[in-house]
Amino acid sequence: MSLENKQILLGVTGGIAAYKTAELTRLLTRAGASVRVVMTRGAQAFVTPLTFQALSGEPVRTELLDPKHEAAMGHIELARWADLILVAPATASFIERLATGRADDLLSTLCLASASPIMLAPAMNQQMWQQQATQDNVQILLKRDIKIIGPAEGDQACGDVGPGRMLEPQKILQLAEQHFHTGALAGKRIMITAGPTREPIDPVRFLSNRSSGKMGYALAQAAVEAGATVTLITGPVNLTTPRSVKRINVETAEAMRAAVFETIDRSDIFIATAAVSDYRPVTAAEQKIKKSAEHLTLELLPNPDILAEVAALEKPPFTVGFAAETESLEKHAQAKLQRKKLNMIAANPVNDNQGFDQDENQLAVFWSDGEQRFPLTTKYKLARQLISLIAEQYHST
Ligand code: PMT
């Protein structure tokens, strides 16, 4: 497991276990996560912000209304940035403030301002943990789907023995990794196409488009994290293959089609993220075309529609298409969903530099009796949201 491309907001509140959070920061970053640390005033009595800055490689935030930090990344932006808010240690006082919905310091405000999942690793004296007041607050948080991990039992810094120790950093890391590895598509085989195709004109020129492959590669990673076995059929892109993904490189639409049909009968789900050239030159010149005539006419032939062919199989996999549109997004996407007989279609606007070759994207997803909109966010986060929706729809068909 890993935390590659995950954005973790690590909250540190005022308990002696805060010194262990330094080690946790190191483990999280080593697992591939981007970590931004927010400390309460109490936490700074135990460890300095500089420690966390050195370990996370990012400035540490401590104040709600700090003009310098607000100018760089406002607190609402930071709340949206997080894929996961992890608070370790979480004191009894912080748990109480979260349960009552307070927003009187930066960390409590971020928790209130974020739609991201929250995970708390409590740490306190055993008597404080067992107090009815604390237990009532914990119950309130559990009802709100806040995850409480630990505490562990054992010797405490104050000399008591009992429940209240923060889980060890290694254990917290493991639970954070598990949070992203959902198992929603465990045991399923998924084929994903990604990137552009290149249709040769002559030995040095080709027809292509601006697809970078980022959306398709993010989906491949999210599908692996959901427990699937993933085959990624990719046009030429400049990206690293996600861990545990089988990657097949192709150049042309016809080569992509051949690679897809090699194993499509063994796939449960097919996701067509590739920007396949709709046309190719009738012939590719054997020698470089010389600049001679005033006008040059390129004759084009339509390429096979890979997605439509897959959906038309006698026993098709669950098919998910993409629609890249510069106008009438919903109308065109709905038309493609029906014409190509797909299970789902994810439409993205691609005018004004959107979609293609960007780190962020937005999607409107349609299926026969429903739709879901995912607002602009990183392609990694969007991929996790889309894979979770695909899993839901796949299991309900
Ligand atoms: O790669 P990025 O830079 O991250 O950008 C992502 C993206 C914008 C390319 C991606 O999100 C996207 O929209 N991919 C589909 C682009 C596209 O070709 O859309 P389309 O509306 O032309 O095609 C509709 C569907 O048919 C697509 O699923 C496409 O893969 C498939 N198709 C199209 C033509 C063809 N000959 N064969 C196909 O399989």
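**Entry 1: ground rules.** I am reading a predicted model, where local features need pLDDT of at least 70 and side-chain atom pairs count only at pLDDT 80 or more, while totals for chains, interfaces and linings use all residues. Residues are numbered from 1 along each chain as its sequence is written, and side-chain values use heavy atoms, with hydrogens and water left out.

**Entry 2: salt bridges.** I began by asking how many salt bridges the structure holds. The count is 22, where a salt bridge is a side-chain nitrogen of Lys or Arg within 4 Å of a carboxyl oxygen of Asp or Glu.

I looked up Lys-20 and found a salt bridge to Glu-168, with 2.9 Å between the closest N and O atoms. Lys-20 sits in helix H1 (residues 18-30) and Glu-168 in the loop between strand E7 (161-165) and helix H9 (169-180), so this pair ties together parts 148 residues apart in sequence. (Helices, H or I with at least four residues, and strands, E with at least two, are DSSP runs numbered from the N terminus.)

My cut-offs: buried is under 20% relative accessible area, exposed is over 50%, and partly exposed is in between (1.4 Å probe, protein chains only).

**Entry 3: helix H13.** I then checked Glu-330, which meets Arg-373 in a salt bridge of 3.0 Å, N to O. Glu-330 lies in helix H13 and Arg-373 in strand E19 (residues 370-378), so the pair ties together parts 43 residues apart in sequence. Glu-330 is partly exposed at 34%, and Arg-373 is partly exposed at 44%.

Lys-336 pairs with Glu-325 at 2.7 Å, N to O. Lys-336 is in helix H13 (residues 329-339) and Glu-325 in strand E16 (residues 318-325), 11 residues apart. Glu-325 counts as buried at 9% relative accessibility.

A polar side-chain atom of Lys-379 lies 2.7 Å from a ligand oxygen atom, and a polar backbone atom of Asp-357 lies 2.6 Å from a ligand oxygen atom.

Terms used
Polar contact = N/O pair within 3.5 Å; in protein donor to acceptor, adjacent residues only side chain to side chain.
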